[in-house]
Amino acid sequence: MDQLTRDIIRGGVLSYIYGPSILKKLSGEFKIEVSRTGGLRRIYLGDELIFTIRASDGRPLPTLEGARLIDKVVIVSREAAPFVKQGRSVMARFVIDIRNAVPGDEVAIYSEDGEFLGVGRLLLSKDEVLSVGRGVVVKLRHHVGTSEVK
């Protein structure tokens, strides 16, 4: 893959979806795996898999390592941290804050102590969480207790 395509994916696609601050964190060897048909499959930073590409729409989805790079964050209480580590969805009553994210975004999940817990898809907005106060807020994709296939 040529340098122009790498720059478009890094500077265009990833910064558009996950914010311009990701560009500072993507310094280093940036590799893109392409399928036989020419479609994007995986994105690596060095030897670490940071994004996989969803086949249905081509959206880059962060792995656990990739989630540490994004600034779309959900902060949960200490009480919820062990459950999220086990792979449970994040419930509204345990959400402390939602930063830089809207429903449908992929978000990194941290405890209020700053411990990284996982990554998932945000289902409710911050206002909805505060007004409703119940239900699933983040459907987990990966949690720190899982081992991802590379």
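Me: Is Arg54 buried, partly exposed or exposed?
Reply: Partly exposed, because its relative accessibility is 27%. Buried means under 20% relative accessible area, exposed means over 50%, and partly exposed is in between (1.4 Å probe, protein chains only).

Me: What kind of model is this, and how is it numbered?
Reply: This is a predicted model, with residues numbered from 1 along each chain as its sequence is written. Local features need pLDDT of at least 70, side-chain atom pairs count only at pLDDT 80 or more, totals for chains, interfaces and linings use all residues, and side-chain values use heavy atoms, with hydrogens and water left out.

Me: Back to Arg54. Which residue does Arg54 form a salt bridge with?
Reply: Asp57. The closest N and O atoms are 3.0 Å apart. A salt bridge here is a side-chain nitrogen of Lys or Arg within 4 Å of a carboxyl oxygen of Asp or Glu.

Me: How many salt bridges does the structure hold?
Reply: 13. One of them pairs the side chains of Lys25 and Asp71, at 2.9 Å from N to O.

Me: What does the Lys25 and Asp71 pair tie together?
Reply: Parts that are 46 residues apart in sequence, because Lys25 lies in helix α2 (residues 22-25) and Asp71 in the loop between α3 (64-67) and β5 (73-76). Helices (H or I, at least four residues) and strands (E, at least two) are DSSP runs, numbered from the N terminus.

Me: How accessible are Lys25 and Asp71?
Reply: Lys25 is partly exposed, with a relative accessible area of 32%. Asp71 is partly exposed too, with 24%.

Me: What about Arg42? Which partner does it have?
Reply: Glu33, in a salt bridge with the closest N and O atoms 2.5 Å apart. Arg42 has a relative accessible area of 26% and is partly exposed. Glu33 also counts as partly exposed, at 26% relative accessibility.

Me: Which residues is Thr52 in contact with?
Reply: Arg42 is one of them. Contact means heavy atoms within 4.5 Å.

Me: Where is Thr52 found?
Reply: In strand β3 (residues 48-53). Thr52 is partly exposed, with a relative accessible area of 27%. Its C-alpha atom is separated by 8.6 Å from that of Leu40, 12 residues apart along the chain.

Me: New topic, His143. Buried or exposed?
Reply: Buried, because His143 has 14% relative accessibility. His143 lies in strand β10 (residues 136-143).

Me: What lies 2.7 Å from a polar atom of its side chain?
Reply: The backbone oxygen of Lys85. A polar contact is a pair of N or O atoms within 3.5 Å; within protein, one must be able to donate a hydrogen and the other to accept it, and residues adjacent in sequence count only if both atoms are side-chain atoms.

Me: Which residues does His143 touch?
Reply: Leu64, Val84, Lys85, Gln86, Gly87, Leu117 and Gly118, not counting residues up to four places away in sequence.

Me: And Ser111? Which contacts does it have?
Reply: Ile75, Val76, Ala81 and Leu117, leaving aside neighbours within four places in sequence. Ser111 is found in strand β8 (residues 106-111). At 3% relative accessibility, Ser111 counts as buried.

Me: Now the whole chain. How many helices and strands?
Reply: Five helices and 10 strands. The radius of gyration is 16 Å, close to the 15 Å that the globule rule gives for 150 residues, so the chain is as compact as a globular protein of that length. The radius is taken over C-alpha atoms, and the rule is 2.2 Å times the number of residues to the power 0.38.

Me: What percentage of the residues is buried?
Reply: Buried residues make up 42% of the 150 residues.
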